[in-house]
Amino acid sequence: MSAANKEMGPPVIELGAMGWLRKNLFSNWYNSLLTIFGLYLLYNLIPPLVNWIFLDANFVGSTRDDCTNEGACWIFIQQNIKLIFYGLYPTEELWRINFVYLILLISGVYLLIPNLKHKGWVGAFLLIIFPIICVIMLSGGLGLEAVETRLWGGLFLTLVIAGVGIVLSLPIGVMLALGRRSKLPVVSILCTIFIEIWRGVPLITVLFMASNMFPLFMPEGVNFDKLIRALIGVMFFSAAYLAEVVRGGLQAMPKGQYEASQAVGLTYWRMMALVILPQSLKMVIPAIIGSFIAIFKDTTLVLVIGLFDFLGIIQFVGTNPDWLGFSHEGYVFAAAVFWVFCYAMSWYSQRLEKKLDTGR
Amino acid sequence: MSSELMIEMKNVHKWFGELHVLNDINLEINKGEKIVICGPSGSGKSTLIRCINRLEEHQRGNIIVEGTELTNDSRSIERIRGEVGMVFQQFNLFPHLSILDNCSLAPIWVRKLPKAEAKEKAMEYLKRVQIDDQAHKYPAQLSGGQQQRAAIARALCMEPRIMLFDEPTSALDPEMIKEVLDVMVGLAQGGMTMIVVTHEMGFAKEVADSIIFMDEGQIVEAKNPKDFFDNPESERTKTFLSQIL
């Protein structure tokens, strides 16, 4: 008997492609039915989609007359690419935006390559010096011609709003979360009120308030840039959500970590910065990135206050009489670009989680 | 032995809500003394030592550590925490830091030692608890006994004058208890002032200058080990000893 046992492998049916199919797709009659239905759907969806996007599509040309109308006409995107990417930013000044992109790209790639030295300095540069460069390069100053923010638009504007919103909202969110858990009642109550007010209001309302009502409260003649008002709105809105995410992480920390930090003599802020936050933020990375992705997509709402972000400008160029009737292409393109950015964030978050994993 | 007073507790009381966890505690501990505290669970022994470095706040009476009275003044708390090291039942190492960084963190940020010096000193103490070969691992990669020894090294890196141990072997698998106790015995022989909450009576016999038995928030009996085991006075002590020996 023992000899027979030694030679006995798993039943053939469990092995190989057949085994996999059987186990995962055809394990019983209703799973089989669902599998067949799914295949049928894919068969009806995928080929037409591929045909429309690639095989029957037009890629070369300069006017709508070059579109054969059998598939997508990507000439529409191609002809309006400057508007879609940069808005009304003056053409001769576009190098300034591209220069900023380039710096961002180089430092981003540098940070992504494992085991390089001085990453801390590059990070510090990105967080402290880079924003200054951005402000000067993008809006003008130091001999550069001023470019009003009403000319900003397209993907560029989306990245500005999302970038500023995301980068500034995280530290504010962390402070709000710490404040809400503070032992000082005044701090705790103020932070709670702040968080709950911002979370309880739709972003669209926040933007309307920032754009239309805020100026009413300001003294005559004081005029904040509309973009800055929108940025502040997006920032606090995102911060309120992040605060609750971070608070969740703080509450999941075992009490022993606080006690051990105190026992070795760390003060409150050092304990938070060196022991508690590194661990609790790591725990909530997926939720933080989820929040970032949400705020990235929510930037499309700035259209309601007359800022033409990426999606807004695509809709806008679709109303150009020369290009009426190409909104499908516009939306598909917008979806694809949004997906690339959101997936990049998601991918980065998974990478970060793996990298920071120390076994607990 | 020089009798420099290190810790003085006078009429200390503490309540958790209605529960009177510390009831009129009076205690004097001199430099170099080793005190073992035992007693049934819930008797207040952990709370007592946690009051010494202010992880718990006492509500009445005075606690004076090395001449500094514990009050709400954060400077006095910080000063005392710098002098008092603590080892926990659950180790409480920082899981996101390597063992070496666990040990050098406080010396760098609290004592303001240069990084290189702090790490050098950390290695020294890790060698002393015989886990210097594990210095670059993370806590989760170590066994319980190794983690607890790392936790002892972390406390020692602050060069405390007093060490508190809160049931340091209770969470360990039996075969790892000895390696931790050996480290503690070594520390005791080096002259450290130690207060140890433990049920390891073998350790108590070998090391303690005085054994304190607590029950229901009170110190029931405090004696040298020989008298404690041979002539316990109180019935409660006798019952307790018969249960654990």
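**Figure 1. Packing of α14(A) against α16(A) in a predicted model.** Helix α14(A) passes α16(A) in a right-handed crossing, a crossing being right-handed if the near helix is turned clockwise from the far one by less than a right angle, and left-handed if anticlockwise. The axes of α14 (residues 285-298) and α16 (residues 327-356), both of chain A, come within 10 Å and cross at roughly 165 degrees, where axes are lines fitted to C-alpha atoms over the stretch in contact and angles run from 0 to 180 degrees between N-to-C directions. Because of that angle α14(A) is roughly antiparallel to α16(A) (under 35 degrees counts as roughly parallel, over 145 as roughly antiparallel, 65 to 115 as roughly perpendicular and the rest as oblique). The contact of α14(A) with α16(A) comprises twelve nonpolar, two polar and two charged residues, where Ala, Val, Leu, Ile, Met, Phe, Trp, Tyr, Cys and Pro count as nonpolar, Asp, Glu, Lys and Arg as charged, and the others, Gly among them, as polar. Helices (H or I, at least four residues) and strands (E, at least two) are DSSP runs numbered from the N terminus.

The model is predicted, and local features need pLDDT of at least 70, while side-chain atom pairs count only at pLDDT 80 or more and totals for chains, interfaces and linings use all residues. Residues are numbered from 1 along each chain as its sequence is written, chains are lettered from A and ligands numbered from 1 in the order in which they are written, and side-chain values use heavy atoms, with hydrogens and water left out.

**Figure 2. The pair α12(A) and α13(A).** These two helices pack at an angle of about 160 degrees, with their axes 10 Å apart, and α12(A) is therefore roughly antiparallel to α13(A). The crossing of α12(A) past α13(A) is right-handed. From α12(A), Q257(A), Y258(A), S261(A) and Q262(A) meet M271(A), M272(A), V275(A), I276(A) and Q279(A) of α13(A), a contact with five nonpolar, four polar and no charged residues.

**Figure 3. The second largest pocket.** This pocket has a volume of about 1100 Å³ and a lining of 32 residues, of which K183(A), Y258(A), Q262(A), Y268(A) and M271(A) lie nearest its centre. On a 1 Å grid over the protein atoms alone, a pocket is an open set of points with protein on both sides within 12 Å along at least five of seven lines, whereas a cavity is a set where a 1.4 Å probe fits but cannot get out; lining residues have an atom within 4 Å of a point. Grid points are joined across faces, edges and corners, and a volume is the space filled by probe spheres set on the points. The elements giving two or more residues to the pocket lining are α8 (154-180), α11 (226-251), α12 (255-263) and α13 (268-283) of chain A, together with α2 of chain B. By class, the lining of this pocket has 14 nonpolar, eight polar and ten charged residues.

**Figure 4. The largest cavity.** The whole structure holds two cavities of 30 Å³ or more, and the largest has a volume of about 50 Å³. Its lining includes A263(A) and V264(A) as well as R81(B), M86(B) and P160(B), and β6(B) gives the most to that lining, with three residues.

Terms used: Contact means heavy atoms within 4.5 Å.
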